[in-house]
Amino acid sequence: FVLSVFLHLSLSDIFSLNGSLFCCLCFCFVLFSVQDAYAEQRASAVTQIESTIVELGQIFTQLATMIKEQEEQVMRIGDNVDETVANVELGYGELLKYFQGISSNRWLMVKIFLVVLVFFIIFVVFMT
């Protein structure tokens, strides 16, 4: 209440209050204490903001480190995928060669079987 009264008074009103220097000193003390409390609040807020900015800086540094590590992992994965594709293509080529080899061996086996069958028939017909 006293503060609101002093804040609405002008300096001439304060000095005219019974001519008392005490009232002026009270007013100055209240005014300075209010300003001091406000300054302390602002300083506290600035300190808190500064600590928050430092924490954010640390978080961004950690994030940059994690991104760099993941970049290396992604590059290794990409290299592994390229190597795997090359190996699959080589394996497919080898399977085609094997299939062609088996196909030609089947015909060889069929030919040998027919020759053996012919000799068997000739042996049975002429030997009996």
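This report walks through the helices, the confidence and the salt bridges of one protein model.

The model is predicted, so to speak of a local feature a pLDDT of at least 70 is needed, side-chain atom pairs count only at pLDDT 80 or more, and totals for chains, interfaces and linings use all residues. Residues are numbered from 1 along each chain as its sequence is written, and side-chain values use heavy atoms, with hydrogens and water left out.

**Overall build**

Let's start with the secondary structure: the protein has three helices and zero strands, and along the sequence this reads α-α-α. Helices (H or I, at least four residues) and strands (E, at least two) are DSSP runs, numbered from the N terminus.

How many of the 128 residues count as buried? The share is 4%, where buried means under 20% relative accessible area, exposed means over 50%, and partly exposed lies in between (1.4 Å probe, protein chains only). The protein exposes about 11,500 Å², and carbon and sulfur atoms supply 71% of that area. Accessible areas come from the Shrake-Rupley method with a 1.4 Å probe, and for residues only the protein chains shown count as cover.

**How confident is the model?**

The predictor's confidence in each residue is called pLDDT and runs from 0 to 100. Its mean for the protein is 78, and 71% of the residues reach 70 or more. Where pLDDT is low, the predicted coordinates should not be read in detail.

**Two salt bridges**

Side chains of opposite charge can pair when their charged atoms come close. The structure holds two salt bridges, each a side-chain nitrogen of Lys or Arg within 4 Å of a carboxyl oxygen of Asp or Glu.

| Salt bridge | Closest N and O atoms |
|---|---|
| Glu71 with Lys68 | 3.7 Å |
| Lys97 with Glu94 | 3.5 Å |

Where do Glu71 and Lys68 sit? They are three residues apart in helix H3 (residues 21-127), so about one helical turn separates them. Glu71 is partly exposed, with a relative accessible area of 42%, and Lys68 is partly exposed at 45%.

Lys97 and Glu94 also lie in helix H3, three residues apart, about one turn of the helix. Lys97 counts as exposed at 54% relative accessibility, whereas Glu94 is partly exposed at 48%.
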